[in-house]
Every structure is written in C-alpha cells, then in structure tokens.
Number of protein chains: 4
Amino acid sequence: MIVVLGELGGRDEYSLVEALKEGKIHKPVVAWVSGTCARLFKSEVQFGHAGAKSGGELESAQAKNQALKEAGAVVPTSYEAFETAIKETFDKLAEEGKITPVPDIKPPAIPEDLSIAIKSGKVRAPTHIISTISDDRGDEPCYAGVPMSTIIERGFNVGDVISLLWFKRSLPRYCTQFIEICVMLCADHGPCVSGAHNTIVTARAGKDLVSSLVSGLLTIGPRFGGAIDDAARYFKDAYDRGLSPYEFVEGMKRKGIRVPGIGHRIKSRDNRDKRVQLLQQYAHNHFPSVKYMEYAVQVENYTLSKANNLVLNVDGAIGSLFLDLLSGSGMFTKPEIDEIVDIGYLNGLFVLARSIGLIGHTFDQKRLKQPLYRHPWEDVLYTK
Amino acid sequence: MIVVLGELGGRDEYSLVEALKEGKIHKPVVAWVSGTCARLFKSEVQFGHAGAKSGGELESAQAKNQALKEAGAVVPTSYEAFETAIKETFDKLAEEGKITPVPDIKPPAIPEDLSIAIKSGKVRAPTHIISTISDDRGDEPCYAGVPMSTIIERGFNVGDVISLLWFKRSLPRYCTQFIEICVMLCADHGPCVSGAHNTIVTARAGKDLVSSLVSGLLTIGPRFGGAIDDAARYFKDAYDRGLSPYEFVEGMKRKGIRVPGIGHRIKSRDNRDKRVQLLQQYAHNHFPSVKYMEYAVQVENYTLSKANNLVLNVDGAIGSLFLDLLSGSGMFTKPEIDEIVDIGYLNGLFVLARSIGLIGHTFDQKRLKQPLYRHPWEDVLYTK
Amino acid sequence: MIVVLGELGGRDEYSLVEALKEGKIHKPVVAWVSGTCARLFKSEVQFGHAGAKSGGELESAQAKNQALKEAGAVVPTSYEAFETAIKETFDKLAEEGKITPVPDIKPPAIPEDLSIAIKSGKVRAPTHIISTISDDRGDEPCYAGVPMSTIIERGFNVGDVISLLWFKRSLPRYCTQFIEICVMLCADHGPCVSGAHNTIVTARAGKDLVSSLVSGLLTIGPRFGGAIDDAARYFKDAYDRGLSPYEFVEGMKRKGIRVPGIGHRIKSRDNRDKRVQLLQQYAHNHFPSVKYMEYAVQVENYTLSKANNLVLNVDGAIGSLFLDLLSGSGMFTKPEIDEIVDIGYLNGLFVLARSIGLIGHTFDQKRLKQPLYRHPWEDVLYTK
Amino acid sequence: MIVVLGELGGRDEYSLVEALKEGKIHKPVVAWVSGTCARLFKSEVQFGHAGAKSGGELESAQAKNQALKEAGAVVPTSYEAFETAIKETFDKLAEEGKITPVPDIKPPAIPEDLSIAIKSGKVRAPTHIISTISDDRGDEPCYAGVPMSTIIERGFNVGDVISLLWFKRSLPRYCTQFIEICVMLCADHGPCVSGAHNTIVTARAGKDLVSSLVSGLLTIGPRFGGAIDDAARYFKDAYDRGLSPYEFVEGMKRKGIRVPGIGHRIKSRDNRDKRVQLLQQYAHNHFPSVKYMEYAVQVENYTLSKANNLVLNVDGAIGSLFLDLLSGSGMFTKPEIDEIVDIGYLNGLFVLARSIGLIGHTFDQKRLKQPLYRHPWEDVLYTK
C-alpha cells in the first residue's frame, strides 16, 4: 500500500497520476492533498513551508485530489477521513491475504520539553547562576526591584541608579549627589596618564570604541586610580582601631607605605586644593556626620608639620568622605560597610568615572583622524 | 509531643534533661541521639557537619540517650526504632484524647533531577552551545579527536596542535613547520610598536600578566598586524580573478589602497630581506605548488619598476605562501579555503605569535621593576 | 700614586693601613676619609648610601685618617685640602722623574638637558600626541576648558561632564538631562545578556573588577547593544534622503536588513512600552524639534500595519531622539552631526551606561562569593 | 611696495594685472610666478600642493609673468633674481623718500631639530622606556640578540623563541622541547571552562577575533589556570625549606589551602594519568636532575594514603618539572630562579598555550555561524 500526503502547489502529484494511469503501480494508493481551504481566501495564501504556495487552478489541492481519484487512488472526502481510508485499505489487503500484519510496536514516548517538565513540577533543574541586582524577565527591567519607568517618572539621576545597582537600596539624594560629584571629579585627568595614553594608542591603531576603552581601563589598578580605595581602607582601619594621627602616619612609615590620599605635586598648606575644599563644604552642609573626614584632616595637620605639600588631596577627601557616607547614612550595617570597603566599591566608582574620559579620548582621536602611534626609538633605552 | 533528634558532641541535650527533671516540660518527649557507632572506632571520628565531633564521655551519644531516658523521655533502643516510638507516643496521645489527629496530606512528588530525567529519556533539553574542535569529557582531552597523550607520544609540535584545533585536521609536517616559522617570525618586533607599548604601559601600572598582554593585543587590527591577512586576501582575489600584476597594482591605486605585503622602510631591490628569501626557499623545497607566491613575486617585479623599495616584504611572503599551503596541500576544498581567508586565520597566527612577545615584554618590565609610566607633557600638543 | 677617598663606617681602610705598615705598598698614598663632621651630631647619623653609617670609635672617619697618617699616607687636614695634597704629591713624583706627565685632555662638553634646551628655544621637539578634550597641566584639570572646581560650584551633573568631554561644549540642561536618562535606561538588562554573563563568569573566576567589567564590555558590538546606533544611522539616512516610511521599510526588507529600533518581544500596539512613552513625552516637553522622532513614529505606524509587535522600542526612541538633540539644539553644524553619527557616539553612551550594570554584577557575585563557573556539559552539542 | 610670489595654475594673478592696468594700485609691484620649468615636461606635472597643477596656456607661469610685466610690475628674469629685484625697488623707494627704512631685526635662530641635536651631542634627552628582550632598529629584528633570519636558518622551534624572549638566553633543546610539550598540553580543555566559554559568547556576539580571545583570557587567574604556577611555588617552597611530604601536606591543611597539583576528578592510584607518566618519562630521559618532580611524587605517595584520587595531576607534573628545568639546566642563578617563580612565568606559558584553544574556539563559532548567546532564564536564580 502506498500512502500519499500531498500539498497544494507544485506538480509532483501529477507524476503519480500518470503512473497510475499507465498501470505502472500495482499496490493500492491512498492519497490526500491538503490545503483545500485555500479556496476560502481571496488571493494567494502561504501555507506551511516555503514553496507550498498555492498557484494556478491545476496546482490547487482540489484539482489534485480529483485527478488522483480519477486515476484510481483511494481519496477520502476530507483530511479527517484519511486515517479511516488508510485503515480500511489495510484491512482489505490483510483480508485478501496480500499482506501479513505484524504486531504493533509501542512507540517510545516522546520526551517532554524541559521547560514544560519544569513548569509541571516533574523535573527540577539546578540553576548555575545566582543574581540579585536586576531582573529583566517582566514587562520592563527592574533595578533592585524598581522598574525603569519609575526611575524616569521620579526624576532619578545617574547616582540613584548606581545606588540601586551597586548598593541594592535607594540612598538619600545627598548621597547619590555626592556619588555624582565623585564621578565628575574622576572623569578625566588629561591624555598623559596610563589609561588615556593606552586608549589613545589603541584608537590610533584604528580599533573600535570598546577595544580602545578597554585597553585603557586595564591600566587601572594599584598605581593608577588605586589611591582612593587605599585611602578609604587605611583611614578606616586607623580610625576604627583608634590610632592617633601620629601613630597612624609613623606606623605607615615603618611599614614603608606612603599614606594614600596625602600629598600633592603643587598644592600646599597655603595653596589649598579648591576641589578638596568644595567636597568638604558639601559634606559639612549635607552629611549627618563627617568623622572620617575630620580624622583625615587631623592626619593632614600632622603630615603638614613634616612637609608643606603633604596636604589632603582629592583621593583622600573622596576616600574618607565615602566612609562617612556609608556609616553616617544609617543605611548599612557594620558588616556591610566592611564588605563594601573590602570589595573595593570606590575602585568601581573610579573605573566608571574614568570611562567617560577614555571614551572621550577615543572620540577625540577619531575626530582628529590620528594615524598609528609608534613610540619613538629615541625614547627607549635598549639594553641587556 | 516533642521529637528530638540529637547528635553526639555538644551539650545541648543536657539542657533538655535538666528541664525534664525540673518538670518544666509537660508534653511527652521522644528522643534519640545518633552517633553511637562512634564507640566502634579507636579514636575520634568526624560525623556529619563541623562541630559534631565526638568529645569526652559525657558528650557521647550513649551518655546522652541514657540521661534523656533517665529524665523520662521515650528513648528507643536504636535509630531504626525511632519512628515506631514516635508513632506509638502519638497514637497514645490520640487515644487519650490529648490531641486530635488531622488527616494525612499527600506530600507533593519530589521532582526528578534533570540529569536523571534526561538519561531515562523522559525529558529533552535543547543545548545552547555547539562546539567541534575539542572534547574534554573523557579520560583526557582530545584535540579534533586526537587524545593529548597521543600528541606527546607521536612527537607532535606546536604547529601540529594549531593544525588540529584551528583546521580540525592533521596537516603534513611541512605545513605545520611552516606555521611554526610564521609564529617565530611574528613573535616580536621591539618595544615601540603599539602592542608592545601598551603592554609595557600596563605592566608598569603594576597590573597582572593577563591585563598587560590583553591591553597590547587590543591594538592588533587593521593598522597593526593586519597586513598579512590583507596581503593574503588581495593576492588571492587578484590571482583567482586572473588579474595581471599591472591590472592588480593599478586597480588598487585607483581605489586608493596601498598594496599590502609590498614595501619596506630600508630593504630594496639590491638589499633584499633575508627573511623573505628564507621563506621562499623553504617553500620551494617543501611546497608542492607556490603559484600564489610566484604571483606575489610578479607583483613585486612590477612595483619595483616604480620604486626601489617596493619589495615583497615578510607580510606579503607569509600571506601568499599561506594561500599556497591551503591550496597546494590538497586537504581543503575551495569553499573551505574561501572561508579560512574570509574569517582571517592569519590574523589568529599573528595574534598568537605576538602574544609570545607581549608576554616577554611584561616579564621584562617586571624584572626591571619599572615604575608607573606617564607620557611626557612636552610630547603632547594640547589644542582645541 | 694611589688616591683613596674613604668613608666613615666599615673597616676597609684598615687593610690599607696594614699593607702600608708591612711595606707592601711602594707608591705614595694620598688619602682622606670623609664624614668627620659626624662628631658634631649627638647620635649616629646616616651619610651617603646604605652601609655608610657611623659605627664605633674605630670606624669613625677621624680614627681612620689618623691611622692612615701614622702608617705613612699623605692625609690632608680637611677635604678641601685633598686636591692640593694630590697635586703636590703628583708634582713631586714628576719632579723626581718617577712619572712622566701626559698632556691634559679637554673633557667633552656635558650635553644640555632636553627640557632646558627646549625652554631656551635651542631645540624643537615634535609632539607625537594631539589632544583636545582636557588639560591636566595647571592647578586643576579642565574639561573642555572648564576647571573641575567650576563644575562642582555650578552644580553640573554627569550629563554635563559627558557633554564637555565628548562634545567639547556645554549643551543646555535639557540635553544633558536627556543624556542622563539614556544612561539610566541602558544601565542594565539583567544577568542573562552576553555582557553581564561574561562579567559574571570572570568575576566568578576570582578576577579583579576591571578584568570582570572588561570581559563583559567586549561583547558589546553589532549584535549586543548595537541597535541604538544603527537606529540613529538608518533613521537619519532615511529621513535626510526624504524616504517615505514605506520606501524605507520596504527598501530595508529588500536588502535583508531588519529595521533597527522596531520590534519587541512582548510589547505591541495595545500594550505600549512605557519607557518609550516617557522618552517621547520628555522630548515633547523640552526639545525644540522632534522631527526625527516623528519620522520614527511614522515608520512605526507603517510596521504596525504589518505585525502587531513591530512597535518603536527603546533603542529606536533613543536613536531617533538623539538625532533631534543634535539637530534641534542648534549647537552642531551639519558636518559635525554627520561625524558624530559616523563615529558612533551612541555606542559610547551604551558602553558607559552598561558599565554601571557590569560593575554592579561584579560586586554582586563577589558579595555572593560564587565559585568558578563551568558551563554544564549537558548544554553543549559536541559534534564534528 | 607689494611683493607677489605666484604659482602656475589658477587665475588669481590676472586680477592683479587688471588692477594694475586700471591704475587702482599706486605702490610699486614686484612679482614672480614660479613654475616655469613646467615647460620642460611633456605633459602636465604636479608641483607643490594640491591645486597648483599647470593647466592651459593662460594659466602657465610664463604667461602670468608676461602679463604682469606688461601691466607695469617689476618682474625679474628668474626666481634667483627675485630677491635683487625686491631690494632694488626697496632702495629706490627709500632714496625717493617714499619710505623710511627701519633698522633690521635679527631674526631668532631657528631651533635645531631634536634628533640632530641629540646626534651631535648637544642635548641629552632622558629615555622613558627601558627594554631588554628585542631590538627592531636594525635590518631585521633580533630576539635577545639573535637575528630573525638566524632563527630560521638554524631550525629553531617555537620553544626556542620563547626561551629567547622570556629567558633572554638559548636554553638547550631538551628544555625548549619540554616548553613546547607544556604548551601543547595546555592548549585547550574543551568549550565548558570559563575561558573558552567567554570566548564563545563574545564570538557569538559577532565580535572580532581579538575581542573574543581577550574576553576569554581575562578569566585566567587564581581559579582557572592558576594551579600550575601555584604548584611550582608551593613545591619549591616546601622542598627548599626541607619539609617532609607529611609536614608540607599537613601544614597546607592547617592553613586551609588545597595542595595545588594534587587530585583528579577520575584518575586514581590504579588509573594513572597517561599525560603525567609521559611527562615524567620525558624528564627521566632528558633532564639532568628531577629532584623537584621526585619530591612531588613523594607528596603524591603521602596524599594517596589519604584518598585514592589524590594523584599528582598534569598541573603538578608541569609545575614541579619546570622547577627541575630551571635548576637542573645550570643556566640560571638562584636569584634568577626565585624571580622567575615569583613573577609567574608558568602563568605566561598557560596563557600562551590556551590562546591557541581560544583562537580555535573563535574560528569554530564563526564557521558554525552561531547567533548571539543569551543565557537561559531558567538557569538563573533571581533572588535578593
């Protein structure tokens, strides 16, 4: 027995019609060409896969079914009757002894799709990733539970979003504004520092924005950009252990470590850094407590007694005030503060801020259409 | 009813004993302290989680069970009898009308573990990753089907492994040796080129090896290291389209594109590049066909008629010979060769090779204990 | 003649004293041990390099000078007299005919230091770097000419700093606030997208913040994050060429390019994206012109006639409104706008914004102390 | 006096001719149009900057000079005579009292070019970079003093080049072959490890080869790939301090550190790792001393007494044998070996080796045309 399930479109079924007419086929043929509902549509309609598009009259399903029937095939009146037609033809052949029925094999169960099986509770799959800061599964992404549209509607600023994604809570506006000030102060420091330099070299090698940015970011670490985090760590440790400025500074000296956050190339006791003064003023006006910053100022008083340029610099001001933000806001437990300082969130702040500058340098070099950089031979000491 | 399942170690159960003795507990207590098999061991043995370590006699499970029993708790003779003891106590309380039994709830079926469900064919999970070059699931990883130990036993070299992992086939030794020669020739080009320079700057920022290497790698692209791939692409296109050297060179000129692989700072017709000559010699001795390289030489002949230093350089020699390797080896179909040239395998070769140099520069700067690099202000034109 | 210039500390000079006493030295010795001013200090004082620390009496400079004199060396009374003592001894030897004086050689002039030579105008050195966005040479860094302290004093926000460093001008507040809104909307999109995923994997490999961030940033490109820039480019091109929405959309279809900025997984005509609505509302309230956005809405109207979910999405809204910002603000010339769109500033905006999220994911994984990620074997189709 | 120096091409000089003819100019005009040698060439020739291209007769220099002369300008017969003509006209005007000569100002000396000033020894510029491993200033680059062509001629292999660029010396072949074996063994470990996974994700984001490679490399660190270096460090420390395997292993346990280089997922005492055996065999056959490896084996003997799978693994074998290479070759001093182990050269070896695999995975994904990867939501635990 030959079972044929055809489709409107194409002319393959007519070969079968020919073969039947010419008596080349001896087995009974049960056939159905689907797609006759195409008649219901005004114009051509696409069914199923590419190619099965209804064409002229001759290719229509009805025409094909008609031709097959006329050539001697068993053609049911509808698709629903197809199964019965097959069974009847089969039974007839068996009855006539033309075929020997074999016992039915139980087909293997089709495995269930994982997602369905999980939903129905039949299967549990361990998750390999845990994430707590944002969720993108719903209508719109949420940052720490706050939907994006709320963020716009409430007039949040960039500092607020940093607060949600890094600290998982909405810090008061005076805190998020302080975070923004830090970002702005650290956004760039000219083209000569390691980060900007590498970004410039990569941009001039004709590379894309991300590669240029990244090549510069990779220089950020202990020696470039690391002083803010270090300042926070050392000031916190010294203050929390109750060290006097003298004990702190001399202890660092004994260990051979420069006090981070102290010292400036040109600023001095009588030529204070305006940025530091503005930061301190902001904190005095808005922060409930500035105990860490005041400790840093005491340290500065002691170091100024040693040398005139050992002033509290921007790194030290940011580092100490960040401690005051964490501890004064009352929104963090002690272990949380320790964890934040330990992980090094200020490093994140510096990295984010400096990305603004590094992206700017990339755009700058591209605008200037600068060619491939090659460091001058004369500036290199080739030795053994 | 209070059910207690204790553990040897610790003294918590004795508080219960006290409370029972003092009559503070009115409900029946069914208790069992596990871990009595500890007696079977010579010395202290660790059971379960941290802290549950058998200590002195008093803390042993037996002592505790004894004390609980004496204080009036129902203590079975073994853990196996614990369930029965609970049931009996419960039934007794129900009988006495002290508690009202609630009908049993059928606990939900515990979902099957995903890995078991997949193995038993109940669930099918789509894979999200396809990979064809190596397999790490067996006893030892295989590269394109070849186990690692075979690679050592057969005396494979680095070129052979590149062949397996990049081309998924074992190329003849003359090919893999040629690949090695290319790697060696491209391994370094001094400290002044973009890649080495950025690596040096990052190493001097005190960053780790990977960051230093990566910061340099990111400069590799169209202007730095890209000439080899470009040479292969343009030579292939020109040769396959049957362009004469004149047509090729003049066509490039019209499009404003420099012919890659041609031209050298100091080398010229009468002062040939020894490396190019050695590469050509190697190919003449080992390659079954050098038609692409010969085409490159014809191009060189034409460009030399225009300027004395427009010689075939190392990039051009490698680029054209790589085409001869692919097409002459007979191990690649035409579409495969097109795909390899299109994807840019030679870029991979350059990147891998130069990594040797960039890693070397990182080690060099670390050995030399070089401080943070800052580009000199005097070398920068600050403008608008 | 032997000339000896010793140092207090150490006992080397006493070997010479012994040799002189034993008559092993036949040439005249002129000697001076410096550091006798050590006597003036109360305690030990460090002179010169490590090791030259005044020790006991025997090692003091005075003692050594005394011993040398007693052993027969010519020892002057002070360091100032050392030169004369050498000259006298030399002249005496010459007079006695023991040595033959050679004519004086004129020492080569010491080259001038580069910085001094440049300042005095004797030498000009070409600069190898050009930079126009910021200057760090003065008291405090300037962004596009604006000193950092001014940025704080005037209450600038992050958008203003982006404006200065990327566009080299102070855009009006409605523009910089729009930039901030875009940054906030693009800051994160959950842990499953390529960028966050790679960052999470790297953080779980125990790597530092920068490496983790960078590993994620590198996935940003044509397929991830690229739609905003593409939307701006295609909308600009279509609008500027005066294409009707029909011509634009059908033209894209013919080229086989999906219209970027159109289409959403779940949003539709009757379930609009609130974020898009808020962006449009903001622009309507603040922008002098929204012609590009209106064009995008016309395109949306056309695509909605084809399928219900072909709505203008956030990418399309940001892309088209960014064009309105550039062209409506009146602060950019036409070639400047073309350059900005060509370079791809919106890509910079996405990269900066998403850095907030990627840094957040790094902190998240570190807080969660997640172990090394290994992709499950079951999720990989190993094939040939 | 008006002095005019014109150029062939353009028609600007004719405006002057007109003005002279119309008597609009009262001052004497001294003029010369350069470029008359254009007559000597057959066709058009380009002189000077863009635009100055000789056109028709009228624009030729000769025609212009002729026209100026006819209009009354002083036109010399050659460019050489231009200066005299200016001087004569000036003197004449001064004589006639029409102008009052001002005393000559001595023009400032033109500063010398830096490179010339340095060569002549007048100026010394400090170098900002030191480099010792390679030199690209000559005919061909040298690796540690060995020219590239020598490297090919002598049949060096990749291990030899690593030796030159990392160790700055030619190690014996048995050493460089061992380095190659290590590179081959570490080249890949399937698609599931962090490095390959991130590379695959980045390649599927449609990013370039370097970005894909780099995104994977950045996961290499303490948890992924770090065991080899750690094994070398701990084995060296323990052996050099004379610790017995018992003291070493138990000391590590007390510090809570797993012994690196020991332990395998499936390998055990009775199912040894073939790779380890082949490495050991190679070393026994070629190394003059294998004391560190023998120590590692003693450690293994001790750990095997604790658990059956605590075998020496590939990391441990490479780590300990690398120590034997350094100390047994007799080519390194003790401080040099300490420095090499301290800097972490084995990390470099792993990074280089794995780059082969990561590049291979990038090619693989590009060949397979894999779409953007998105981690499945179902695999993430979203929590707080």
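Let's start with Ser215(D), which sits in helix H9 (residues 209–217) of chain D; helices here are DSSP runs of H or I at least four residues long, strands are E runs of at least two, and both are numbered from the N terminus. This is a predicted model, so local features need pLDDT of at least 70 and side-chain atom pairs count only at pLDDT 80 or more, while totals for chains, interfaces and linings use all residues. Residues are numbered from 1 along each chain as its sequence is written, chains are lettered from A and ligands numbered from 1 in the order in which they are written, and side-chain values use heavy atoms, with hydrogens and water left out.

Is Ser215(D) buried or exposed? Ser215(D) counts as buried because its relative accessibility is 0% (buried means under 20% relative accessible area, exposed over 50%, partly exposed in between, with a 1.4 Å probe and protein chains only). Setting aside neighbours within four places in sequence, Ser215(D) is in contact with Asn198(C), Ser215(C), Leu218(C), Asn198(D) and Thr202(D), where contact means heavy atoms within 4.5 Å. With one of these, Asn198(C), the Ser215(D) side chain makes a side-chain polar contact at 3.0 Å. A polar contact is a pair of N or O atoms within 3.5 Å; within protein, one must be able to donate a hydrogen and the other to accept it, and residues adjacent in sequence count only if both atoms are side-chain atoms.

Now over to chain A and its meeting with chain D. Here 27 residues of chain A are in contact with 27 residues of chain D. The two chains bury about 2300 Å² between them, 57% of it on carbon and sulfur atoms; buried area is the accessible area (1.4 Å probe) that two parts lose on being put together, summed over both. Arg137(A), Asp379(A) and Tyr382(A) supply 24% of what chain A buries against chain D, more than any other three residues.

What about polar links across this interface? There are 16 residue pairs in polar contact between chain A and chain D, both partners at pLDDT 80 or more. On the chain A side, strand S5 (129–131), strand S6 (134–135), helix H9 (209–217) and strand S9 (380–382) each supply at least two residues. That side divides into nine nonpolar, eight polar and 10 charged residues, with Ala, Val, Leu, Ile, Met, Phe, Trp, Tyr, Cys and Pro taken as nonpolar, Asp, Glu, Lys and Arg as charged, and the others, Gly among them, as polar.

Strands cross the boundary too: three bridges join S5(A) to strand S9 (residues 380–382) of chain D, and the two run parallel (strands pair if DSSP finds at least two bridges between them). Within this pairing, Ile130(A) stands opposite Leu381(D) in S9(D).

Chain A and chain D also share two salt bridges, a salt bridge being a side-chain nitrogen of Lys or Arg within 4 Å of a carboxyl oxygen of Asp or Glu. One joins Arg374(A) and Asp136(D), at 2.7 Å from N to O. This pair runs from the loop between H16 and S9 of chain A to the loop between strand S6 (134–135) and strand S7 (142–143) of chain D. Arg374(A) counts as partly exposed because its relative accessibility is 37%, whereas Asp136(D) is buried at 3%.

Next, look at chain A against chain C. This time 79 residues of chain A are in contact with 79 of chain C, and the buried area is about 7100 Å², with carbon and sulfur atoms giving 69%. Four salt bridges cross the interface, including Asp139(C) with Lys267(A), whose closest N and O atoms are 2.7 Å apart. There are 25 residue pairs in polar contact, both at pLDDT 80 or more. Helix H16 (residues 345–367) of chain A gives the most to its side, with 16 residues. By type, that side holds 41 nonpolar, 20 polar and 18 charged residues.

Stepping back, the whole structure has 76 salt bridges over all chains. Within chain B, Arg137(B) meets Asp135(B) at 2.7 Å, N to O. In chain A, Lys236(A), Asp240(A) and Asp338(A) are linked in a salt-bridge network.
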